[in-house]
Each structure stands twice: as structure tokens, then as C-alpha cells.
Amino acid sequence: MQNTMKDGDLWVKKERIDVLKEQVAKIIGYQKNNGLVAFLHDPYLWVDYFNGTLTKKVWKCNPFVFIDIGPDGEVRSCGPSFGNIKEMTLADCLDTAQAQEARDRMKRCRKPCLQTCWARPEADSLSGIVRDFLKKLESEHAAGKDKKAAIQKAIGSLEQFETMLSKESKNGR
């Protein structure tokens with residue numbers, strides 16, 4: 001969901017749109033049967049999004065309704081962080097120059113990205129995710145044992161993802 005680059009590793013390619021439609025139908029069916037899934041918009045808009053046919057007439061961005069507070073405390077709403085709740089109050093985070101710049105940027109945005117406004121550029125590729133992780137790991141100055149455990153956990157997650165991709169590839173998906 002958070003990938004906005006058409007040539008990114010996580011972009012749903014046209015030949016995989018049918019798989020996306022199937023998955024959306026399954027999620028909608030699950031929601032109808034169990035009522036446990038909330039949608040911010042019609043989930044079939046994702047098909048238009050990845051087909052490149054989504055327009056601003058159909059999707060009205062709502063960037064001032066949501067904020068994302070990550071596990072690291074970083075506060076953002078569509079783009080870079082504008083504060084950290086571990087260092088200041090949420091009200092102070094929302095009052096920074098970076099927060100005002102983010103609001104101004106969102107007002108001018110004309111891209112029908114279908115995001116819930118916490119898109120992160122580093123999420124556009126696995127290598128970007130890894131680079132961001134390593135940068136944060138270095139900035140945390142984690143002790144040797146803690147750092148090694150975090151790296152092992154990250155490698156395990158990447159290996160699970162790689163296994164899933166390999167299975168999909170073998171199944172022709």
C-alpha cells in the first residue's frame with residue numbers, strides 16, 4: 001500500500017492485477033462475513049490505482065485526518081517525520097516547521113496516490129527498507145548483543161519474505 005513508485009519492487013504490475021482483484025474480493029468477503037475489516041475507501045480503487053487510471057475526481061485525499069506515529073516515535077503524515085513523541089509532546093510535533101511544510105505540501109498535492117497519508121519513500125524498495133533499518137540501528141547505538149539480535153530478527157523477516165516470493169514464483173503468480 002505504501003509504494004508510490006511504478007517501477008518499485010512492490011508495485012503491482014498489470015499482469016498481476018487479476019491477483020489483486022481476487023485478493024480484494026477475499027478481503028471484502030471476509031469483512032461481510034466477519035465485520036472485522038474497516039475500509040477507508042472502496043478497496044477496488046486499488047485496481048485503478050495500480051492500473052494508473054485512478055483520478056482525483058474519484059479519490060479525494062484526506063491528509064489532515066490521519067497521522068502515523070511509528071514504533072520509533074516518529075510522527076508523520078505523508079512524507080518525512082516532523083517530530084518525535086519520545087522527545088516532545090504530540091501537540092509540539094504538530095506545531096513544528098516541518099509539520100507546517102508537510103501540510104503545505106499536502107495541500108498542493110495532485111497525485112492520486114490512494115495513500116492514507118503516511119507513505120514512506122524508504123518503503124518503495126526492499127533495499128530502501130534495509131538501508132533505513134541499518135541507518136536507524138547505527139543511530140540507536142545499540143549494544144553488541146541487542147544489535148546482533150535486531151539484525152538476526154531482520155534477516156529472518158527478509159528470509160521469510162524471500163521464501164514467500166519464491167513460492168509465488170513457482171506457482172506462476
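Let's start with Asn84. Asn84 is buried, at 5% relative accessible area. Buried here means under 20% relative accessible area, exposed means over 50%, and partly exposed lies in between, with a 1.4 Å probe and protein chains only. Where does Asn84 sit? Asn84 is in the loop between β2 (75-76) and α3 (90-93). Helices are DSSP runs of H or I with at least four residues, strands are runs of E with at least two, and both are numbered from the N terminus. What does Asn84 touch? Leaving out residues up to four places away in sequence, Asn84 touches Asp72, Gly73, Glu74 and Cys93. A contact is heavy atoms within 4.5 Å.

A word on the source. This is a predicted model, where local features need pLDDT of at least 70, side-chain atom pairs count only at pLDDT 80 or more, and totals for chains, interfaces and linings use all residues. Residues are numbered from 1 along each chain as its sequence is written, and side-chain values use heavy atoms, with hydrogens and water left out.

Now Gly83. Gly83 is also in the loop between β2 and α3. Gly83 is buried, with a relative accessible area of 12%. Setting aside neighbours within four places in sequence, Gly83 contacts Gly73, Glu74, Val75 and Cys93. Take two C-alpha distances from Gly83. Leu94 is eleven residues away in sequence and 7.5 Å away in space. Asp95 is twelve residues away along the chain, at 9.0 Å.

Those two partners next. Leu94 lies in the loop between α3 and α4 (97-108). Asp95 is in the loop between α3 and α4 too. Leu94 is partly exposed, at 31% relative accessibility. Asp95 is exposed, at 62%.

Leu94 also belongs to a nonpolar surface patch with Ile67, Ile69, Ile85 and Leu90, and together they have about 350 Å² of accessible area. Patch residues have over 30% relative accessible area and no salt bridge; like charges are joined within 9 Å, and nonpolar side chains (Val, Leu, Ile, Met, Phe, Trp, Tyr) within 5 Å. A salt bridge is a side-chain nitrogen of Lys or Arg within 4 Å of a carboxyl oxygen of Asp or Glu. Areas come from the Shrake-Rupley method with a 1.4 Å probe; for residues, only the protein chains shown count as cover.

On to the inside. The largest nonpolar core has 14 residues, and Val12, Ile17, Leu20, Trp46, Tyr49, Phe50 and Leu54 touch the most other members. A nonpolar core is a set of buried Ala, Val, Leu, Ile, Met, Phe, Trp, Tyr and Cys residues joined through side-chain atoms within 4.5 Å. Which elements give two or more residues to this core? They are α1 (17-34) and α2 (45-51). α2 gives the most, with five residues. Leu20 touches Val12, Trp46, Val47 and Phe50, not counting residues up to four places away in sequence. A second, separate core of six residues includes Val75, Cys93, Ala99 and Met106.

Now the rings. There are five aromatic pairs. Rings of Phe, Tyr and Trp (its six-membered ring) pair if their centres lie within 6.5 Å; planes under 30 degrees apart are stacked, over 60 edge-to-face, the rest tilted. Tyr49 and Phe50 pair edge-to-face, 4.8 Å centre to centre, with 65 degrees between the planes. Tyr49 is buried at 5%, and Phe50 is buried at 8%. Ring pairs link Trp11, Trp46, Tyr49 and Phe50 into a cluster.

Last, the whole protein. The secondary structure has six helices and two strands. Of its 173 residues, 27% are buried.
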